[in-house]
Amino acid sequence: MALLQLYNAQKSFGKREILKRVSFSVETGEVLGIFGRNGCGKSTLLKMLFGTMSSDLLDFEIDGKKVNASQVIPKQLMGYVPQHPFLPKSLKVRDVILTCYQDEKQQDTVFYNSGVAKLTHKRVGELSLGELKYFEVILLGASTHPFLLFDEPFSMVDPMMKENMKTFFLEIKKEKGIMLTDHYYDDVLQTTSKNIVIKDGISHHIRTESDLKKFEYLSNSRC
Ligand SMILES: Nc1ncnc2c1ncn2[C@@H]1O[C@H](COP(=O)(O)OP(=O)(O)OP(=O)(O)O)[C@@H](O)[C@H]1O
């Protein structure tokens, strides 16, 4: 079991305050959904946590110990699937799996995933955007990191594969705390155990679709 507690995240770009006060906690077995309108700072927040973007303030602990974001990658505390493709296009899918994992169990988790099995002979650059996103999610999901960050995992993925992905999230969360953001809010709400919405730089805990209306992420005219 591992517990991540974010007490306060702040970030400005020049005079634009993007994140003013963002806080949440997530532990092994939980999937946290992060909602918010375009440009509210969701990707920025994930990059700050992963340590690839500087912050003005990022006060967080794992299991009660203060963590500096610069320790996240070297200590393998979190895995991160960014919004945009990140794998080398020239490599074959099977070689990516073998390069990432020496452990047979981890290799098998990816190789024998039904959505990945049919892709292993292809080069990364030959995958469709949806196939690539699906592969990236399963690849990272097989890691041993205690926490995983997914930026728009459902984007471009067809409905059948999204169902597979949701089942995969439910399996891997037994050993991980997961944070994910996506505008496919139905899929997110079906996957998560807790949720926040970021509005005007401040995080709010929410539970239902009607809360998303309250915080003006969804239109009130939706039935
Ligand atoms: N490196 C940067 N320099 C300046 N501004 C930036 C930079 N990165 C992001 N921003 C700005 O910060 C804001 C938040 O961007 P971010 O990508 O985090 O939004 P988001 O919530 O993930 O949006 P979306 O839902 O569209 O993916 C945007 O207005 C964006 O233009």
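Two residues count as in contact here if their C-beta atoms, placed from the backbone, lie within 7 Å. The model on screen is predicted.

Start with F135. Leaving aside neighbours within four places in sequence, F135 is in contact with V93, V116, L119 and L127. F135 also belongs to the largest nonpolar core, which has 55 residues. In soluble globular proteins, nonpolar side chains tend to be buried together.

Eleven of its 13 residues are buried, so helix 5 is largely enclosed by the rest of the structure. The buried ones are E131, L132, K133, Y134, F135, E136, V137, I138, L139, L140 and G141. Now show what they pack against: strand 6 (78-81), helix 2 (93-100), helix 3 (104-111), helix 4 (114-117), strand 7 (147-151) and helix 6 (159-172). A distance check can be made on the end C-alpha atoms of helix 5, which are 18 Å apart; this agrees with the 18 Å that 13 residues should span at 1.5 Å a residue.

Finally, move to the ligand. Select F13, I18, G36, N38, G39, C40, G41, K42, S43 and T44, which surround the ligand. By type, this shell divides into three nonpolar residues, six polar and one charged. Which helix supplies the largest share of the shell? Colour helix 1, residues 42-50: three residues of the shell come from there.

Notes:
Residues numbered from 1 in each chain as written. Predicted model: local features only at pLDDT ≥ 70, side-chain atom pairs only at ≥ 80, totals over all residues. Core = buried A, V, L, I, M, F, W, Y, C linked by C-beta atoms within 7 Å. Buried ≥ 20, exposed ≤ 12 C-beta atoms within 10 Å, placed from the backbone. Near = placed C-beta within 6 Å. Helix = DSSP H or I, 4+ residues; strand = E, 2+ residues; numbered from the N terminus. Nonpolar A, V, L, I, M, F, W, Y, C, P; charged D, E, K, R; others polar. Expected span 1.5 Å × (residues − 1).
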